[in-house]
Amino acid sequence: FLFPGTSRVRIIDNKINILVVGKGGAGHDAPDLTDTIVLLSIDVGNKSITSISIPRDLWIAELRAKVNSAYYYGKQKGDDGGLILAKSTVEEVTGQPIPYAVAVDFGAFKGVVDALGGVNVDVERGFVDNKYPIAGREKDSCSGDPLLACRYETVKFEAGSQKMDGETALKFVRSRHAEGEEGTALVRDARQQLVILAIKKRLMDPMVFLSTKRVSDLLRVVTTYTETDLIPAEAAAIARYGFESIKDIKSLAIPAELLSAPKISKTYDNQFVFIPAGGTWDKIQEWVNEQLSL
């Protein structure tokens, strides 16, 4: 990290692009579906980072499935197939070359936040979700309860700045069943970006990055819960680039006007999905390229 060699790092148009996906992991009914999908782009010239959330419900015609299934289907073909297919799928959507990928178990998400001592998140709108799924109870019969109430808990967030531990932050970004606007997929992507910004702010705190214990705890979490195609030398060099750019992070989500939600039908296997508003990925690719060029 202190003296990284950069010759082997793939820098394209002055940028290092990394796909970061978050999966449920052990204990979840669908451990290899990726509910969090983020394109992370480090501009090595401007020393800045842009993160773009990709909606999990984007329909990928070639897969006949949502984009959050790409890692799962790739994994069926081999241990490294998940990262390969996830990268190629997001490359198709964004038009950006993505040489690297990291798959993060949600246990790592909780672990990182806890290793940082919690994060302060600016909650824009409060909401209540009465059907937040309890891990491990996905198939519980609830003693015959037709509503299957034992599978869920209620989570509530008030508007305003609040400190969250790992479990609370995870519930904040994963909540899907709040009433009104906060129950939509695009708003959930925006909540993910709020937590990313909160983590960034916490990492900038000297009490964190100068703490041997904090850094040690973070490394333990990362090595335990992540899968990547980065080799150690590349990871060290990219970590250094990231550290030098952490003061300038832009967090974005694909604008709603570039997406369309077609009627639920057999065409999309009777699922709620997003498709590109113009029928092709062109407008989304133009928008992504514009954001990465600023």
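**View 1. The side chains of aspartate 35 and arginine 56 are joined by a polar contact of 2.9 Å.** A polar contact is a pair of N or O atoms within 3.5 Å; within protein, one must be able to donate a hydrogen and the other to accept it, and residues adjacent in sequence count only if both atoms are side-chain atoms. This is a predicted model, in which local features need pLDDT of at least 70 and side-chain atom pairs count only at pLDDT 80 or more, while totals for chains, interfaces and linings use all residues. Residues are numbered from 1 along each chain as its sequence is written, and side-chain values use heavy atoms, with hydrogens and water left out. You will find aspartate 35 in strand E2 (residues 34-43); strands (E, at least two residues) and helices (H or I, at least four) are DSSP runs, numbered from the N terminus. Aspartate 35 is buried, with a relative accessible area of 14%. Here, buried means under 20% relative accessible area, exposed means over 50%, and partly exposed lies in between (1.4 Å probe, protein chains only). Not counting residues up to four places away in sequence, aspartate 35 touches Gly22, Arg56, Asn68, Phe106, Arg174 and Gln192, where contact means heavy atoms within 4.5 Å.

**View 2. Helix H4 (residues 166-174) is largely enclosed by the rest of the structure, because seven of its nine residues are buried.** The buried residues of H4 are Gly166, Ala169, Leu170, Lys171, Phe172, Val173 and Arg174.

**View 3. The largest nonpolar core holds 42 residues.** A nonpolar core is a set of buried Ala, Val, Leu, Ile, Met, Phe, Trp, Tyr and Cys residues joined through side-chain atoms within 4.5 Å. Ile16, Ile42, Phe109, Val121, Phe172 and Ile238 touch the most other members of the largest core. Helix H3 (residues 106-115) gives this core its largest share, six residues. A second, separate core of 28 residues includes Ile54, Val93, Trp281 and Val288.

**View 4. Isoleucine 16 and its contacts.** Leaving aside neighbours within four places in sequence, isoleucine 16 is in contact with Val9, Arg10, Ile11, Leu40, Ser41, Ile42, Val44, Tyr100, Ile238 and Tyr241.

**View 5. Aspartate 13 has a positive phi, near 55°, in a residue other than glycine.** Look for aspartate 13 in the segment before strand E1 (15-23). With 67% relative accessibility, aspartate 13 counts as exposed.

**View 6. Arginine 64, also not a glycine, has a positive phi near 50°.** Arginine 64 sits in the loop between strand E4 (59-60) and strand E5 (65-66). Its relative accessible area is 44%, so arginine 64 is partly exposed.
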